[in-house]
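User: Hey, I've just opened this one and could use a hand reading it. Can we go through it together?
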Amino acid sequence: MICNVIPECRANYSTVFFYFVALFVFLLIPFSVQSQQSEIRGTVTATEDGRPLVGAQVEVADTNIRALTSARGSFVLRGVPSGSQTVRVTYMGYSPSEATVQVTAGEVARHEFTLSIRAIDVEGVLVEADRWGSQADALNRRRTAPSIQNIISTEQIERFPDPQAAEALRRLPGVASFDHRGEPQSIFIRGMSPGMATVTLDGERLPTTGLADRETSLMGLPAEMLSSMELSTAITPDMDADAVGGTVNLVTRSPLGDARFFNVSVGGGLHQNADSPNAQASAVYGNRFGDLGVLLRGSFRRNNMMMDDIRHFWGVEDFGAGDEDVLDQLRVGAYETLRDRVSFSGRLDYNVSDDTSLFVRGLFNHFDKRGIRHQFRVRPESGDHLDRGLVTGGRLETIGRRNQKTEILSTVGAGLETVVGPFTMDVTASFGYGEHDQPYQEYLNHRVGGVDMSYDISNTRRARWEALNDNPGGFFDPAQIPFLRYENRTDLVRDRDFNSRINFEMPYNWAGAQGSFKFGGRFFQKDKDREFWVRRSFPPRGHGLVMDATASGSEHRHILGEYRIGHYVDWSRGGPFSREIAGLLEEDMDRTREVSDAQNYEASESVVAGYAMTTLDWGDWTLIGGVRTERTSTSYVGNQTLFDDDGNWVETRPLDEGNSYLNVFPMAHLRYRLSDRTNFRLAWTNALARPNFTDLAPTEFIDRDARRIRRGNPELEPSLVQNLDLLVEHYFEPLGLLSGGVFYKQLSDFFFGSVETIQGGEFDGFEVRQPRNGAGADLYGVEVAWQQRLTFLPGALSGLGVYANYTYTYSNAELREVTREVPLPRQVPHVMNAALSWDRGPFMGMVTANHRSEYLWAVSQDAVSDYRSHLAPTMDRYLEAQTQFDLSASFQVRQDASLFLEVKNLTNEPQTWYDGSPEFHYRSSYNHAWGILGVRMNF
């Protein structure tokens with residue numbers, strides 16, 4: 001059903017265009033029978049703050065004429081009989097409203113509705129009504145949406161202890177995260193990698209910040225910058241098709257209400273092991289001056305953390321009785337990480353008339369991370385094993401590292417919404433800029449050899465060791481540890497996006513159904529480049545430099561309370577030291593070129609898209625049907641890097657290639673309303689996943705010494721994905737939801753790393769590694785969710801609330817490079833969220849849990865010894881299951897001020913990897929607990 005599957009279709013774009021136009025004409029047929037009709041237009045807003053209520057149901061009594069309000073809170077009722085008509089409005093969590101409207105034949109009547117929140121009476125304790133307003137919005141928007149959505153409300157953002165957007169998103173069903181130094185770095189939606197989901201701001205696409213992939217990092221974006229977050233796991237034809245996992249839409253508040261608001265939040269706190277405090281501050285201001293609405297928002301957050309880390313590397317030795325496991329390396333370290341996030345956003349709305357509005361909006365987000373790593377390495381593999389656990393001539397290394405990384409995520413855009421004849425038209429254009437800059441990542445390595453040692457690996461997660469030489473304490477003396485090398489890594493990735501789109505929509509009545517017809521087009525241009533350098537330099541022999549020149553004045557604390565790592569590099573001394581010795585150092589140019597050149601690229605990508613879709617509403621049935629087509633054109637510049645027979649770098653020269661392809665994506669969504677509070681949903685959608693930039697760049701690395709060639713592949717086609725979703729959902733009064741569903745994804749032409757041997761010619765016998773199309777995968781899943789305020793319970797228990805969801809995902813992938821079937825790498829089988837809250841008067845408290853199961857991290861091609869095969873038939877790397885418990889609370893001091901508390905990672909459960917079997921522990925990272933205490937004020 002997707003064009004690229006059929007070779008004839010792929011080669012004949014005119015055929016595709018013909019079918020698209022035919023479908024467009026078919027969808028347009030209903031409008032040919034329409035005549036001028038009477039209409040009722042208006043808006044629905046909330047009384048507490050004047051904001052538009054999205055997805056409110058508006059209907060004419062005793063008819064089947066109804067409509068849902070738009071993002072601006074507006075509605076249009078068409079084909080209304082003339083005379084006096086009763087119009088009713090309903091919205092979950094709000095009191096219904098109705099009004100009598102006088103309709104004249106062939107003319108437009110107007111009426112504005114304002115709805116009030118229904119207060120929740122909890123066993124005699126009246127809960128402030130406006131506390132639940134945004135949660136009512138989220139549930140109502142989900143209930144009335146024609147497609148499958150999950151929505152995070154402002155209330156959830158404030159109540160949950162989630163300081164950044166990625167952390168808030170992982171509370172949703174099917175969303176898992178990969179954490180980096182104690183904070184979520186990437187999100188995986190339904191088992192798909194981060195680059196297989198699109199991220200938009202108010203519907204407009206954000207730039208990517210991934211180094212080589214298509215991920216838009218949300219690690220640096222504070223959650224308080226947003227009014228809500230929407231996750232669409234089943235896309236519609238008016239959405240970008242490269243959303244295999246789904247589309248995340250970050251929603252900023254619109255200044256459409258009449259009420260002025262000014263909210264401020266400030267706080268501070270500590271990390272269990274960090275040396276300096278954390279801080280948070282945010283403010284949002286909104287007002288309307290006649291037809292002009294203004295919204296400004298700013299946020300600052302500082303997070304200072306300390307992580308303990310332990311790693312094991314394993315080997316095999318034969319001591320006369322067959323192979324036995326031995327310890328190759330033990331690495332222990334402490335990571336100091338300081339993260340600063342600064343964000344600003346703004347929006348201006350101007351109502352030119354009742355039918356026309358203009359807007360300008362923008363976002364600037366700056367994320368700065370500075371880190372220092374103190375690492376100590378025990379290296380038995382550098383010596384000789386005399387027996388199991390006994391080594392002579394091993395090495396010890398002390399390595400200091402400091403780095404800085406900044407990410408910029410920014411966008412500015414403008415738009416128009418107006419009425420053109422029977423159509424509502426909206427036009428938007430935006431420019432986005434994303435940047436990942438690592439100005440430095442410096443290493444100072446110090447090493448001492450000739451260490452005789454013994455070790456104990458009876459506990460493979462906490463190996464023990466000791467030096468056997470005379471005066472073993474001397475190995476921790478900075479004056480006796482020689483300087484080994486200096487290394488610096490720099491990285492700069494820039495992404496520039498231009499987006500433009502136009503949409504037309506017209507409501508209509510046909511065959512007893514109400515519907516809307518929508519069509520439009522989009523142009524998207526992306527330019528992305530990377531400049532990456534790794535430079536390692538060595539001093540001359542007999543240099544006489546020792547660690548004493550850079551060491552701290554005292555030893556570092558024991559890592560995990562067990563491991564002595566001695567003195568560490570003090571960068572107030574290490575920085576000047578590296579500059580002073582720069583003239584003595586000689587760069588390893590061969591390694592620089594080998595590591596760096598193949599990572600650098602310039603990418604240019606454009607997408608021209610068009611779509612047509614119709615929505616039909618027959619009472620309890622709603623159907624969305626339509627098609628989207630996208631033409632993608634690409635141009636990439638990479639590097640060809642050549643080495644001679646001795647492994648010496650010869651030259652690097654640029655390569656320039658491109659590609660283009662056309663895809664067609666039919667889609668259908670069906671919703672059946674069993675009752676006003678129960679929906680059955682079915683969706684069939686098609687999407688694509690584009691390859692990573694470094695896979696597409698025409699890079700070629702030729703190493704004659706190793707007889708190895710690595711290549712990119714500009715001819716890679718996108719992977720095509722068909723999706724099926726079935727969901728049942730029921731909504732409770734006053735606020736609650738119970739849902740369950742299943743989903744299926746079929747991936748074809750997935751990307752895999754091929755390994756081939758060249759036969760004949762100049763490179764006869766060389767091994768070639770290159771990404772190719774051809775692998776396939778099937779993914780199945782189940783999702784269930786429950787959220788409800790248990791107001792029906794007696795006494796103090798009536799203040800309890802439950803938020804819980806669980807997702808099970810199973811996949812089966814044919815990865816050709818390993819000639820076996822495995823799960824999709826980094827697809828998480830089990831994801832669970834649970835939260836228990838208690839509200840009583842001015843107090844709210846909540847305990848939350850986020851759990852993800854063990855999953856395959858990376859597929860290994862390494863051979864496994866017979867000795868290990870009973871434990872690990874493969875040496876695939878796995879990330880163990882992890883559960884994080886958090887705590888949040890708030891106390892309303894007065895109506896316009898409240899105190900809040902957030903405590904993260906209460907149990908300090910580590911992030912742990914192993915290779916093949918838990919017996920072969922690779923790495924555990926302990927991030928420890930931290931918290932923040934603050935106040936929120938409304939003026």
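User: Before we go on, what kind of model is it, and how are residues numbered?
Analyst: It's a predicted model, where local features need pLDDT of at least 70, side-chain atom pairs count only at pLDDT 80 or more, and totals for chains, interfaces and linings use all residues. Residues are numbered from 1 along each chain as its sequence is written, and side-chain values use heavy atoms, with hydrogens and water left out.

User: Ok, back to Asp 62. Where does it sit?
Analyst: Asp 62 is in the loop between β2 (57–60) and β3 (66–68). Its phi is near 65 degrees, which is positive in a residue other than glycine. Strands here are DSSP runs of E with at least two residues, helices are runs of H or I with at least four, and both are numbered from the N terminus.

User: And what about Leu 560, buried or exposed?
Analyst: Leu 560 is buried, with a relative accessible area of 18%. Leu 560 isn't a glycine, yet it has a positive phi of about 55 degrees. You'll find Leu 560 in the loop between β27 (513–538) and α6 (571–580).

User: Zooming out, how many helices and strands are there?
Analyst: The protein has 8 helices and 48 strands. Its radius of gyration is 30 Å, close to the 30 Å that the globule rule gives for 939 residues, so the protein is as compact as a globular protein of that length. That radius is taken over C-alpha atoms, and the globule rule is 2.2 Å times the number of residues to the power 0.38.

User: What are the spans along the principal axes?
Analyst: The C-alpha trace spans about 105 × 70 × 50 Å. Of the 939 residues, 58% count as buried.

User: What about contacts in the protein?
Analyst: A contact means heavy atoms within 4.5 Å. Among contacts with a separation of 6 or more, 71% are between residues 24 or more positions apart.

User: How many positive and negative side chains are there?
Analyst: There are 93 positive and 123 negative side chains, and the centres of the two sets lie 3 Å apart. Lys and Arg count as positive and Asp and Glu as negative, while His and the chain ends aren't counted. Each charge is placed at NZ of Lys, CZ of Arg, CG of Asp or CD of Glu.

User: New topic, sheets. In what order do the strands of the open sheet come?
Analyst: Two strands pair if DSSP finds at least two bridges between them. The open sheet has 5 strands in the order β10-β15-β16-β13-β14, with mixed pairing. β10 (150–152) and β14 (204–205) stand at the edges with a single partner strand each, so one side of each is left without a neighbour in the sheet.

User: How do β10 and β15 pair?
Analyst: β10 pairs antiparallel with β15 (residues 228–232) over 3 bridges.

User: Now β24: which strands does it pair with, including β23?
Analyst: β24 (residues 423–456) runs antiparallel to β23 (residues 390–420), with 27 bridges between them. Glu 417 sits opposite Asp 426 there. β24 also pairs antiparallel with β26 (residues 483–510) over 20 bridges, and with β25 (residues 464–467) over 4 bridges.

User: What's in the hairpin of β23 and β24?
Analyst: That hairpin has 2 residues between the strands, and Gly 421 takes a positive phi near 60 degrees there.

User: What joins β44 to β45?
Analyst: A hairpin does, through 2 residues. β44 and β45 (residues 897–904) run antiparallel and are joined by 7 bridges. β44 (residues 882–894) also pairs antiparallel with β41 (residues 843–852), over 10 bridges.

User: Last one: what does Val 266 touch?
Analyst: Leaving out residues up to four places away in sequence, Val 266 touches Gln 280, Ala 281, Phe 900, Gly 934 and Val 935. Val 266 is in β17 (residues 261–269) and is partly exposed at 35% relative accessibility.

Definitions and conventions. Buried < 20%, exposed > 50% of the residue type's maximum accessible area, 1.4 Å probe, protein only.
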